[in-house]
Amino acid sequence: MADPLVALACGLSATFLFLLLFGLSVYLLWRKRRNQTLYRGLIPTTPTIPRCTTPVLQTSQSSSYGSGGVPFFVPPRFKRTPQLNKGKEETEHADEWELHPDLHTQRGSLTVGSWFPLGSIRPDLYQLPEEPSEWALPNGSAVRLWFALQYQQEREQLVVSLLRAANLPAQCQGNVTLVKLQLLPSDDRRHRQARARRKGCHPQFNDTFVFQVSNSCVDQCSLSMSMYTVDHQKKHHLVGLVLIPLRFSELKEMAGKVQWRDLDSESDQPLSKNGDIQVSLNYNQSLHRLTVVVLRARGLQCCSDAGVCAQVSLKIHTQVVRNKWTTVAKGNNPSFNERLTFRLLPMQLDTACLTLQLQQPSTEEPVLLGIVVIGPFMYARGRELEHWNDMVSKPQELVRQWHPLGSADTVQDPQ
């Protein structure tokens, strides 16, 4: 008798709990739908757009954003029109200015007068020569380079604009023309490079470069510009170079004016009085190795038939670190083709130099035929300085160049 009563009580309890859970679920669902109905009543079906005098882009009413659209300004569009419609275009611009005066008072980057593509030259900053004679070709075979300099004292920046060149040699007209620029002396050993827009004897560059130089160091700097042609084998051939000493007063006077210089080329310079020497240089930074290849000499004024040898000295500051000699070669145009190596740390590149002396052996004392110093700005200028900088910037190749020989009394500190 007790077992049926227990079963009945369990059944009634389970039924009561089921009905209670069902009722609670229905109540919660009803309350949720009631809250959603009240929330929808607070959102308007049509979004309102605030009034604005300037052009506003209106979004569609079916947008997923429930609140009002966000207005924003539409930048003006500038189109090129033919010259025949110039009068009509000016009238339309005048009407547009009257209708939307606020549109032209926005940021300067949206106006035609103050917008320029990045990297382009603004011709209005430079005073081009008024007379055609200023653009005249140079006489003879000289290569002429046109450029403009401007020093911005507030920003401490030197702006160099490379414009064009003229009268390139015939063998260079089918090659790519490059101009490498460097501010000397400088801790930045990288060259700034300009590439000609087209090939030919009168290439155009139209490139602008910015060098950071302080006001106190302007008078101590020089601008080096070297022109090269690149053949089909990607070898660089020096056409000529020019070194421009900077003076603050001259930069201020010639600001924005186009200038020209005739490049000093190897073919234009005759043999020096004491002869010339051809040397190849290479510096391996990872091995700390400076390689000097003495190739040959020409035009030497030998006093006897004893032969000629080359002495190469590595100097750091005023101290000679190492001396090395080549073997003796005969004649006034001797060939050596000997490789000499020196150990030099990268931090010593700005304080080291190479001194090359051509000597004739003698029983008493060697006869000095000529001397040349190749090194950084502290020791050299012109070709010798350019050769040293090319050696540092081209670690993968031997940089070869001719150098005129001077006498011992003419080789002095360039400073």
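Residues are numbered from 1 along each chain as its sequence is written, and side-chain values use heavy atoms, without hydrogens or water. Because the model is predicted, local features need pLDDT of at least 70 and side-chain atom pairs count only at pLDDT 80 or more, while totals for chains, interfaces and linings use all residues.

Two aromatic pairs are found in the structure; rings of Phe, Tyr and Trp (its six-membered ring) pair if their centres lie within 6.5 Å, with planes under 30 degrees apart counted as stacked, over 60 as edge-to-face and the rest as tilted. Y27 and W30 make a tilted pair, with 6.1 Å centre to centre and 35° between the planes. Both residues belong to helix α1 (residues 2-42), where they sit three residues apart, about one turn of the helix. Helices (H or I, at least four residues) and strands (E, at least two) are DSSP runs, numbered from the N terminus. W30 is exposed, at a relative accessible area of 53%, whereas Y27 is partly exposed at 42% (buried means under 20% relative accessible area, exposed over 50% and partly exposed in between, with a 1.4 Å probe and protein chains only).

Y151 is buried, with 12% relative accessible area, while F248 is partly exposed at 27%.

Charged side chains also meet rings here. R144 lies over the face of W260, 3.6 Å from the ring centre, and R381 over that of F377, at 3.7 Å; a charge sits over a ring if NZ of Lys or CZ of Arg is within 6 Å of the ring centre and within 35 degrees of the ring normal.

On a 1 Å grid over the protein atoms alone, a cavity is a set of points where a 1.4 Å probe fits but cannot get out, and lining residues have an atom within 4 Å of a point. The second largest cavity holds about 30 Å³ of space, a volume being the space filled by probe spheres set on the points, which are joined across faces, edges and corners. Its lining includes L184, S224 and E386, and β7 (236-245) and α4 (382-393) each supply at least two residues of it.

Conventions:
On a 1 Å grid over the protein atoms alone, a cavity is a set of points where a 1.4 Å probe fits but cannot get out, and a pocket is an open set with protein on both sides within 12 Å along at least five of seven lines; lining residues have an atom within 4 Å of a point.
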